[in-house]
Amino acid sequence: MAMRILQVFPPQVFSMPQLQHGIHANLAQILHQLLQVFLVGLTIGMTRTVVPGLAETEFGLGGQQFFLLTTFVVVFGAVKAVMNLFAGRFSDRFGRKRVLVTGWIAALPIPFLLLYAPNWGWVVAATALLGINQGLCWSMTLNSKLDMTNLNQKGLVNGMNEFSGYAAVALAGVVTAWLVEVYGARLGLFMFGSTVIVLGLVLAVLVVKETRPWALAHVPFDSAQGTALQPSLGQAFLYASWQNRNLLALNQAGLVEKFTDALVWIILPVWFVSQNLTLVQASSIIGIYALVWGASQLITGPASDRFGRKPLIVGGMWLCGIGVLLLVLTHTVWLWTLEAGLIGFGMAMLYPTLGAAVADVSPPAQRSTLLGVYRFWRDFGYAVGALSMGLLAQWAQGLDVTFWLVGVAMLLSGAWVALAFTKE
């Protein structure tokens, strides 16, 4: 019996009887984890502004820029999705810190690949490593904070995590744009990327603590819990992706909401320029989306703890869908700016709340694995959305139809959650 219990509860749980949960009790480590996700956000953010320009300035592929960017997002989304799936399972087996450190090690070649790339294939390889880094590291920063905090703080923790990460994404775009202007695309990316990645790895090794004992301490210790063996990854995937009504609803919403971000990433800049906006005007409008999304999560995350997950998820999906449809139906800069802010706030409503809702319906000892399944489906939405929009735009010979695809998908996905998600 004792051996079976230790299969679920490692020895360190018994040697640390004074573990305390809560943001205040673990503030130092939570701040370290927020810094980690900030650095992870800087790593992905440096590519959003600069890498599309590499296609034209470094490789002379300007006519294929839209296709190449679509490929970039598809590869990133697919690799990150797979890493999310295995990150959760690996962290339950080997610990959060080991997975976090592995993610930073995977990122070390990225600046060198971009610096010395002789062709676009090297950029795609860097993209695959970026997906590994994002899938492993971003997942672990969230899981670790959820481990250490109280169960009624999941919305707040998700909001803090996503605010820190996406604020870094926005900041990295500005900083790398300046560095590229001064030093050139390759050297600018190398300077920024190598600094951020090395700093993230060093802090992960020296400062971050293993938090899995906090997760296991959430589980009431009795013989029924202790002897229950964890399901395999395949069983957990099937359970979350099909058998559990609530997780199925949340996973499909996570997948579809990435259509919106993929639209902003690969369609909106090109579409705005086609509407006779300058690149500066287009970037400013898109920046409003990112700014509202990032900042508002500090409000919407804790609001979901107080008022429930379902209203914010459904309302956010519908708000995004309406905002996307309005973009293609209006024709002035100030309306587009307002609509970008509307979409950003909708994303802020649903994004941290979806993760918190998955954590709500997941047993604590399996929470990381089931969050990994959710994050797989969520980030696989990048690949599905980018590929669908690219094919649809080519078939229709125009970009307007992609807005209708995303807008309608968001509305229908929100309706699915409204009808199927039953646990608050």
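Some ground rules. Numbering runs from 1 along each chain as its sequence is written, and side-chain values use heavy atoms, with hydrogens and water left out. Because the model is predicted, local features need pLDDT of at least 70 and side-chain atom pairs count only at pLDDT 80 or more, while totals for chains, interfaces and linings use all residues.

I start with the whole chain. The protein chain has 18 helices and zero strands. Both kinds of element are DSSP runs numbered from the N terminus, helices being H or I with at least four residues and strands E with at least two. Of the 424 residues, 57% are buried. Buried means under 20% relative accessible area, exposed means over 50%, and partly exposed is in between, with a 1.4 Å probe and protein chains only. The accessible surface is about 16,900 Å², and carbon and sulfur atoms hold 70% of that. Areas come from the Shrake-Rupley method with a 1.4 Å probe, and for residues only the protein chains shown count as cover. A contact means heavy atoms within 4.5 Å. Among contacts with a separation of 6 or more, 85% join residues 24 or more positions apart.

Now to two helix pairs. Take α5, residues 96-107, and α9, residues 185-206: their axes come within 9 Å and cross at roughly 160°. That makes α5 roughly antiparallel to α9. The axes are lines fitted to C-alpha atoms, for helices over the stretch in contact, and angles run from 0 to 180 degrees between N-to-C directions. Under 35 degrees counts as roughly parallel, over 145 as roughly antiparallel, 65 to 115 as roughly perpendicular, and the rest as oblique. The crossing of α5 and α9 is left-handed. Left-handed means the near helix is turned anticlockwise from the far one by less than a right angle, and right-handed means clockwise. On the α5 side, the residues that meet α9 include Leu100, Trp104 and Ile105; on the α9 side, they include Ile197, Gly200 and Leu201. By class, this contact of α5 with α9 has 10 nonpolar, one polar and one charged residues. Nonpolar covers Ala, Val, Leu, Ile, Met, Phe, Trp, Tyr, Cys and Pro; charged covers Asp, Glu, Lys and Arg; the others, Gly among them, are polar.

The second pair is α7 with α17, residues 367-396, packed at an angle of about 140° with axes 11 Å apart. That makes α7 oblique to α17. Their crossing is right-handed. From α7, Trp138, Ser139, Leu142, Asn143, Leu146 and Asp147 take part, and from α17, Arg367, Ser368, Leu371 and Arg375. The contact of α7 with α17 divides into four nonpolar, three polar and three charged residues.

Gln134 lies in α7, residues 120-148. Is Gln134 buried or exposed? It counts as buried, at 1% relative accessibility. Leaving out residues up to four places away in sequence, Gln134 touches Val40, Thr43, Ile44, Phe76, Lys80 and Ser139.

Gln153 sits in the loop between α7 and α8. Gln153 has 17% relative accessibility, so it counts as buried.

Glu210 is in the loop between α9 and α10. At 23% relative accessibility, Glu210 counts as partly exposed. Its C-alpha atom is 6.5 Å from that of Gly95, 115 residues apart along the chain. Beyond its neighbours within four places, Glu210 is in contact with Gly95, Arg96, Lys97 and Arg98.
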